[in-house]
Amino acid sequence: MLDVRRLHLLRELDRRGTIAAVAEALTFTASAVSQQLGVLEREAGVPLLERSGRRVILTPAGRSLVAHADAVLNRLEQAAAELAGARDGIGGPLRIGTFPSGGHTIVPAALAELARRHPALEPMVREIDSARVSDGLRAGELDVALVHDYDFVPATPDTTVDEVPLLEEPMYLVSPAGGEAMRTGGTEALRTGGAAKSGPGDTLAALLRPCAEVPWITARDGTTGHAMAVRACQAAGFQPRIRHQVNDFRTVLALVAAGQGAGFVPEMAAVPSPAGVMLTKLPLFRRSKVAFRAGGGAHPAIAAFVAAATTAVDVMAGSGGRVRNPA
């Protein structure tokens with residue numbers, strides 16, 4: 001019979017690409033991973049791996065087995081969720097991942113809601129880029145996480161992760177204001193539902209081109225936010241000249257106010273904005289979701305966090321935050 005733990009290793013090799021990466025993620029030695037995959041091949045009775053230069057790649061039989069491993073591990077998550085539901089109360093550790101802006105908006109309100117409803121639950125928050133959440137969930141480093149994707153950077157389909165939509169919000173161009181009226185115009189536009197210097201007929205290119213020659217402030221290279229910024233500017237017909245790379249949108253706003261360039265912020269991070277910046281609403285959106293291991297959505301602690309995060313977003317929307325909860 002095939003061993004589930006070895007199936008997990010095979011799936012991680014398929015996702016991470018190298019035995020060394022699997023070993024590092026799961027705190028094994030590379031030789032131990034190789035040995036266990038060799039045992040799995042003997043159990044399967046057919047070659048699952050083959051050498052390609054210095055890399056090991058999966059054979060067609062290996063890729064087929066990974067698809068079955070996804071199904072098996074999904075059912076095990078469902079079983080664990082069902083058993084957890086049979087226990088009295090919701091308690092114990094809950095490892096939560098979040099992107100920075102979610103960490104200072106949604107997460108604190110969600111944790112307050114969890115503490116009120118489930119005081120025995122022990123949430124532990126870790127900041128992580130959305131692009132790394134899937135790896136963290138599969139490795140067991142996280143139980144649940146806030147993730148996002150952007151226009152121009154759609155999420156890659158992942159059969160190992162399930163997601164629940166949380167909110168969709170427009171992105172804003174944030175640029176230095178040219179005068180006192182412009183300094184207040186952006187924030188006022190957010191409060192009234194409008195947008196500074198933009199109208200229904202404005203295209204992304206028309207809105208971004210005035211900033212084509214200024215320095216840009218983006219998220220760090222390798223993140224979804226960085227990719228979105230670069231691709232949006234390229235779609236507008238220019239390559240951004242990137243000067244600063246920071247992942248915190250509050251820092252982006254502060255740097256723009258200091259005259260350091262232009263950048264992008266989502267609506268949830270745009271209010272309040274400092275004096276000296278202008279916010280221009282763009283036809284560009286960010287979508288936030290709650291992610292967890294496939295099959296684990298019925299786990300009481302996961303379901304409790306999803307409910308708490310949804311409540312937090314609803315409260316934000318009702319108190320003036322103009323994020324939109326997807327239908």
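Predicted model: local features only at pLDDT ≥ 70, side-chain atom pairs only at ≥ 80, totals over all residues.
Residues are numbered from 1 along each chain as its sequence is written, and side-chain values use heavy atoms, with hydrogens and water left out. Local features need pLDDT of at least 70 and side-chain atom pairs count only at pLDDT 80 or more, whereas totals for chains, interfaces and linings use all residues.

**View A. The largest nonpolar core comprises 35 residues.** A nonpolar core is a set of buried Ala, Val, Leu, Ile, Met, Phe, Trp, Tyr and Cys residues joined through side-chain atoms within 4.5 Å; buried means under 20% relative accessible area, exposed over 50%, and partly exposed in between (1.4 Å probe, protein chains only). The members that touch the most others are Val174, Leu208, Trp216, Phe264, Val265 and Leu282. At least two residues of this core come from each of β6 (161–176), α9 (204–208), β7 (215–218), α10 (224–235), α11 (249–257), β9 (262–266), α12 (267–270) and β10 (277–293). Helices (H or I, at least four residues) and strands (E, at least two) are DSSP runs, numbered from the N terminus.

**View B. Surroundings of Leu282.** Residues up to four places away in sequence are not counted; contact means heavy atoms within 4.5 Å. Leu282 touches Pro170, Met171, Tyr172, Leu173, Leu204, Leu207, Leu208 and Phe264.

**View C. Salt bridge between Arg293 and Glu77.** A salt bridge is a side-chain nitrogen of Lys or Arg within 4 Å of a carboxyl oxygen of Asp or Glu, and the count by this rule comes to 22. The N to O distance in this pair is 2.8 Å. Arg293 in strand β10 and Glu77 in helix α4 (residues 60–86) are 216 residues apart, and the pair links distant parts of the chain. Arg293 is buried, at 19% relative accessible area, while Glu77 is partly exposed, at 23%.

**View D. Salt bridge between Asp143 and Arg95.** The closest N and O atoms are 2.7 Å apart. Asp143 lies in the loop between α7 (133–138) and β5 (144–150) and Arg95 in strand β3 (residues 92–98), so the pair ties together parts that are 48 residues apart in sequence. Asp143 is buried, with a relative accessible area of 11%; Arg95, at 31%, is partly exposed.

**View E. A network of salt bridges.** The linked residues are Asp149, Asp151, Glu163, Glu168, Arg287 and Lys289.
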